[in-house]
Amino acid sequence: MSKQTHSFQAEVQQILHLVTHSLYSNKEIFLRELVSNASDACDKLRFEALDAAALYEDQPNLDIRIFFDADAKTLTIRDNGIGMSADEAVAHLGTIAKSGTREFMSRLSGDQKKDANLIGQFGVGFYSGFIVAERMTVETRRAGLSADQGVRWSSAGTGDFEVEAVTKPARGTDVILHLRDDEAEFLSTWKLKSIVSKYSDHISLPILMKKEEWDAEAKKQVVKDEWETVNKAAAVWTRSKSDVTDAEYQDFYKQISYDSEAPLAYTHNRVEGRTEYTQLLYVPAKAPFDLWNRDKRGGVKLYVKRVFIMDDAEALMPVYLRFVKGVIDSADLPLNVSRELLQESRDVKAIREGSTKRVLSMLEDVAENQKDKYAEFWKQFGAVLKEGVGEDFANQERLAKLLRFASTQADEGVSFADYVGRMKEGQEAVYYITAETLAAAKGSPQLEVFRKKGLEVLLLTDRVDEWMLSHLYEFDGKPLQSVAKGAVDLGKLQDEAEKKQAEEAAEAFKPVLEKLQAALKDRAKDVRTTTRLVDSPACLVVEDGAMSAHLARMLKQAGQSAPAAQPILEVNPAHALVKRLDDAARFDDLAHLLFDQAVLAEGGQLEDPAAHVQRMTRLLTA
Ligand code: ADP
């Protein structure tokens with residue numbers, strides 16, 4: 001192949017521009033990115049060699065070497081991993097295959113530290129070399145190809161790059177950075193070692209550099225022709241807990257998550273027994289931008305006996321824990337395990353169950369001992385955890401204890417246990433209401449009698465709440481009862497006098513009720529009197545077991561047809577507006593107005609707003 005010139009894909013050009021201009025203040029990350037690519041290339045070789053040992057070409061010891069030539073001002077990162085064919089070099093180093101590029105660009109914040117973290121997240125790592133290099137040359141040969149099938153890729157990081165065939169006896173890739181004149185600081189063993197230990201200590205392959213020694217005669221450090229390992233080369237999770245410092249756990253988290261913030265909590269365990277594995281799992285402090293994408297694969301990497309198998313092994317964590325990051329290293333799974341096999345494996349099932357329990361224990365611990373931290377966690381991930389209530393029946397009770405709500409007593413942080421602890425003598429159920437916003441929930445007429453009697457009501461405003469509650473019926477033996485469903489039966493909480501009074505009022509109101517039922521027969525399934533209301537004239541409720549109006553609205557918004565169950569109109573016979581129903585001439589307008597008000601009060605929309613306005617006008621001008 002003679003020398004060919006290719007243009008970078010337009011996106012690459014943009015990325016190149018951004019990378020070189022916006023990341024300068026954090027330029028040393030280029031080494032982290034290139035070492036990480038080298039390590040990935042070795043992982044890939046190991047993985048492919050599982051079925052084709054010949055790929056090792058009798059060189060099974062994988063490592064990464066970093067060396068420089070101070071005179072030529074070049075810095076080389078060499079690996080003996082999988083390498084690239086000519087086609088691969090053109091494709092991988094000239095285009096960005098991932099759809100995330102535009103996303104990446106739109107997320108650049110101008111804050112250089114944050115942007116630097118994005119670089120890894122979106123896989124534009126290679127191009128970070130251009131932060132310090134005026135030209136990058138890559139010499140590579142794919143494992144299994146012959147020595148004359150090597151390729152040299154070279155670019156100044158502007159519009160195009162060149163490729164040509166070269167002879168490359170050694171398998172793998174050399175990334176050669178031709179450093180800019182003012183980047184001489186990277187031509188120093190000491191400097192490079194310190195960057196490696198800062199960012200790449202956890203890489204489980206040896207990273208080698210040439211030894212440097214003091215030459216007494218020359219009175220200076222001289223580079224020897226002898227290699228030494230400069231990283232710990234022991235992955236954090238393989239070390240014993242007592243040997244790993246908190247800082248090391250945090251650094252490792254930042255490596256695998258590309259999160260610049262420290263994690264909220266982590267757990268590291270070696271599990272022995274029928275299935276043996278090690279888990280190092282983290283809960284991030286902040287939700288990622290794509291938390292709501294349930295199809296997103298998980299953040300847990302699978303290793304088998306320290307060999308990297310795959311990223312994002314979603315079979316290892318339930319969907320509702322998709323925010324968990326970390327590593328699981330199994331001692332039992334076959335090395336050539338595929339995603340399909342993972343789904344079926346009993347060992348994987350045991351690992352998932354064990355890891356789920358671990359994460360829940362970790363959260364329970366935070367909830368118990370670090371309440372502020374837990375409140376923060378809840379803000380970020382609470383709504384996702386709620387999905388678990390409906391998806392993970394085995395852990396439903398534990399999950400229910402981890403839930404936090406707003407209530408009529410506190411705007412946040414109320415657990416079921418708090419609620420139960422505050423229940424009134426004679427109160428048998430946990431009361432709740434669902435609504436679109438906290439303000440709408442607080443203003444619900446259905447709450448009035450509960451307020452009056454000092455009964456706490458949970459105010460649920462997350463989209464998943466309705467769905468969650470269709471899977472959770474009780475807590476600690478106490479049924480969960482919507483205050484907007486069914487007739488209110490406060491049971492023992494109402495005294496005899498109150499009950500009697502209500503019955504009498506209902507009796508006296510019967511003739512009006514019948515007229516109301518007739519007037520509203522197309523809108524309400526039934527009309528009845530209630531003791532639920534104190535200050536409001538009327539409210540809507542649905543039958544026990546029927547879909548709440550809130551859920552029906554959500555389904556409609558989501559474009560699903562919701563079977564429109566007619567609500568029941570409940571009226572407060574003691575209310576002045578209801579008393580005005582005596583006025584036979586305005587009865588019909590007042591009846592519909594009562595209904596319309598009840599719809600509006602619960603955040604609903606009127607089906608015929610014009611009719612409502614006409615009625616109002618008639619009533620106001622009469
Ligand atoms: P990412 O590593 O996130 O995919 P990069 O821009 O860093 O993004 O690299 C692009 C691609 O180039 C990699 O996915 C890989 O296929 C290839 N590549 C980069 N460095 C190496 C290497 N040292 N050996 C083999 N392939 C490499």
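Me: What counts as a polar contact here, and how many residue pairs are in polar contact across the interface of domain 1 and domain 2?
Reply: A polar contact is a pair of N or O atoms within 3.5 Å; within protein, one must be able to donate a hydrogen and the other to accept it, and residues adjacent in sequence count only if both atoms are side-chain atoms. The model is predicted, and side-chain atom pairs count only at pLDDT 80 or more. With both residues at pLDDT 80 or more, the number of pairs that the rule finds across the interface of domain 1 and domain 2 is zero.

Me: How many salt bridges are there between domain 1 and domain 2?
Reply: A salt bridge needs a side-chain nitrogen of Lys or Arg within 4 Å of a carboxyl oxygen of Asp or Glu. Between domain 1 and domain 2 the count is zero.

Me: What share of the area buried between domain 1 and domain 2 lies on carbon and sulfur atoms?
Reply: The domain assignment places domain 1 at 4-229 and domain 2 at 236-378. Their centres, taken over C-alpha atoms, are 28 Å apart, and the contact takes 18 residues from domain 1 and 11 residues from domain 2. Together the two domains bury about 1,400 Å², and the share on carbon and sulfur atoms is 59%.

Me: Which helix supplies the largest share of the side of domain 1 that touches domain 2?
Reply: On that side of domain 1, at least two residues come from each of α2 (29-49), α4 (100-107), α5 (112-121) and α6 (189-199). The largest share is six residues, and the helix that supplies it is α2.

Me: Which elements do the buried residues of α17 pack against?
Reply: In helix α17 (residues 549-557), the buried residues are His-550, Ala-552, Arg-553, Met-554 and Leu-555. After the helix comes Gly-559, with a positive phi near 85°. The elements that the buried residues pack against are β16 (430-434) and α15 (464-469).

Notes
Residues are numbered from 1 along each chain as its sequence is written. This is a predicted model: local features need pLDDT of at least 70, side-chain atom pairs count only at pLDDT 80 or more; totals for chains, interfaces and linings use all residues. Side-chain values use heavy atoms; hydrogens and water are left out. Domain bounds come from an automatic or database domain assignment. Contact means heavy atoms within 4.5 Å. Buried area is the accessible area (1.4 Å probe) that two parts lose on being put together, summed over both. Helices (H or I, at least four residues) and strands (E, at least two) are DSSP runs, numbered from the N terminus. Buried means under 20% relative accessible area, exposed over 50%, partly exposed in between (1.4 Å probe, protein chains only).
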